[in-house]
2 protein chains.
Amino acid sequence: MRILILATGPTQEKYLQTGMDHYLKRLKNYQPKVEYKEIKIPSKVYSYKDINEIKKAEADTLLTHIDDADYLTILDERGKTYTSTAFANYISSILIRGYKRWVFLIGGPFGFDEAIYLRANHQIALSKMTFTHQMIRLLLLEQIYRAQTILQNQSYHH
Amino acid sequence: MRILILATGPTQEKYLQTGMDHYLKRLKNYQPKVEYKEIKIPSKVYSYKDINEIKKAEADTLLTHIDDADYLTILDERGKTYTSTAFANYISSILIRGYKRWVFLIGGPFGFDEAIYLRANHQIALSKMTFTHQMIRLLLLEQIYRAQTILQNQSYHH
């Protein structure tokens with residue numbers, strides 16, 4: 001299965017990018033077909049005064065990157081929380097299903113439009129705490145990497 | 001109140017250090033007496049074969065940095081989880097108590113010895129998920145910073 005991790009907009013902090021590169025590289029040893037991509041939202045969108053309009057316009061762009069056949073997991077505060085071991089089991093349970101591609105979608109600072117919630121197959125939260133949507137990119141990559149080491153019974157995860 | 005964030009051993013990844021510096025600097029705008037310190041554990045400790053002996057020796061060193069009068073919060077997987085807003089309320093509730101110093105303690109990869117659990121006033125977990133003890137340093141600094149912005153009703157936290 002191909003795994004595509006989509007983030008809304010560029011990563012602004014170089015230190016986060018360095019950490020993300022680190023885990024993405026290690027993750028590819030387990031899942032060679034994993035890809036990470038940042039979706040450019042047209043800049044005019046952020047001139048809209050209504051947050052709901054911004055979210056709707058973001059969703060229009062984001063959804064063009066998601067195919068009908070994709071299994072879509074979105075990162076959302078209201079999503080299900082897991083231990084790392086339970087998250088590894090979730091990953092394992094989806095990987096054995098027949099999807100061509102699994103998309104993880106990380107939103108922007110305003111959260112998702114209703115259209116994204118309607119399209120999503122599953123919602124997860126990495127913590128009850130709120131972290132920046134920028135930092136979530138690093139945390140998600142680390143947890144997907146950690147999940148692989150758990151599934152392979154390796155010593156990274158104590 | 002002075003706030004001391006203690007971590008066990010050095011930060012190995014430069015990208016994490018950059019992020020930590022970023023949040024520590026911003027945090028000092030709210031809490032000028034916050035300090036972050038890494039405790040050097042004698043290297044011979046890590047030659048011990050028994051993990052429990054390592055944890056015990058680590059605890060002996062860590063406890064020399066904690067005064068009897070300190071309020072001690074430890075970061076532990078088994079600790080209480082919070083939303084960021086609830087964490088801000090916890091911080092606020094301790095700050096108004098008469099402690100001279102508040103110590104947050106982040107352990108090493110093996111977790112804490114029983115002596116640390118016995119000394120701790122409170123245990124918190126930043127997530128049900130496990131993150132590296134290195135990454136927890138960045139996440140804790142970000143959450144303590146976020147808590148200040150929540151308590152001051154500022155726009156960092158949506």
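**Talking through the model**

Modeller: Let's start inside the sheet: A:Ile74 stands opposite A:Gln123 in β5(A). Keep in mind that this is a predicted model.

Biologist: Okay, and which strand does β5(A) pair with, and over how many bridges?
Modeller: With strand β3, residues 71-81 of chain A, in the parallel sense over 5 bridges.

Biologist: What's the strand order in the whole sheet?
Modeller: In chain A, 5 strands form an open sheet in the order β2-β1-β4-β3-β5, and the pairing is parallel. The edge strands are β2 (34-39) and β5 (122-125) of chain A, each pairing on one side only. From one strand to the next, the twist averages 30°.

Biologist: And what does β1 of chain A pair with?
Modeller: Two strands. Strand β1 (residues 2-8) of chain A pairs with strand β4 (residues 101-106) of chain A in the parallel sense over 6 bridges. There, A:Ile5 stands opposite A:Phe104 in β4(A). β1(A) also pairs with β2(A), again parallel and over 6 bridges. In β2(A), A:Glu35 is the residue opposite A:Leu4.

Biologist: Zooming out, how many helices and strands does chain A have?
Modeller: There are 5 helices and 5 strands in chain A. Going from the N terminus, the elements run β-α-β-α-β-α-β-α-β-α.

Biologist: What about the overall size?
Modeller: The C-alpha trace of chain A spans about 50 × 35 × 30 Å along its principal axes. For 158 residues, a compact globule would have a radius of gyration near 15 Å, and chain A agrees because its value is 15 Å.

Biologist: How much of chain A is buried?
Modeller: Buried residues make up 35% of its 158 residues. As for contacts in chain A between residues at least 6 apart in sequence, 84% join residues at least 24 apart.

Biologist: Pick one residue for me. Is A:Gln143 buried or exposed?
Modeller: A:Gln143 counts as buried, because it has 22 C-beta neighbours inside 10 Å, and the cut-off for buried is 20 or more.

Biologist: Where does A:Gln143 sit, and what does A:Gln143 touch?
Modeller: A:Gln143 is in helix α5 (residues 133-151) of chain A. Leaving out residues up to four places away in sequence, A:Gln143 touches A:Ser84, A:Phe87, A:Leu126 and B:Met129. For a sense of distance, A:Gln143 and A:Ile3 are 140 residues apart in sequence and 14 Å apart in space, C-alpha to C-alpha.

Biologist: How many residues are in contact between the chains?
Modeller: 21 residues of chain B are in contact with 21 residues of chain A. The elements giving two or more residues to chain B's side are α1 (14-28), α3 (84-95) and α5 (133-151) of chain B. That side divides into 9 nonpolar, 10 polar and 2 charged residues.

Biologist: Last one: why do you say the copies meet through the same surface?
Modeller: Because 100% of the interface residues of chain B are also interface residues in chain A.

Terms used
Residues are numbered from 1 along each chain as its sequence is written. Chains are lettered from A and ligands numbered from 1 in the order in which they are written. This is a predicted model: local features need pLDDT of at least 70, side-chain atom pairs count only at pLDDT 80 or more; totals for chains, interfaces and linings use all residues. Two residues are in contact if their C-beta atoms, placed from the backbone, lie within 7 Å. Helices (H or I, at least four residues) and strands (E, at least two) are DSSP runs, numbered from the N terminus. Ala, Val, Leu, Ile, Met, Phe, Trp, Tyr, Cys and Pro count as nonpolar, Asp, Glu, Lys and Arg as charged, and the others, Gly among them, as polar. Two strands pair if DSSP finds at least two bridges between them. Axes are lines fitted to C-alpha atoms, for helices over the stretch in contact, and angles run from 0 to 180 degrees between N-to-C directions. A residue is buried if 20 or more other C-beta atoms lie within 10 Å of its own, exposed if 12 or fewer, and partly exposed in between; C-beta atoms are placed from the backbone. The radius of gyration is taken over C-alpha atoms; the globule rule is 2.2 Å times the number of residues to the power 0.38.
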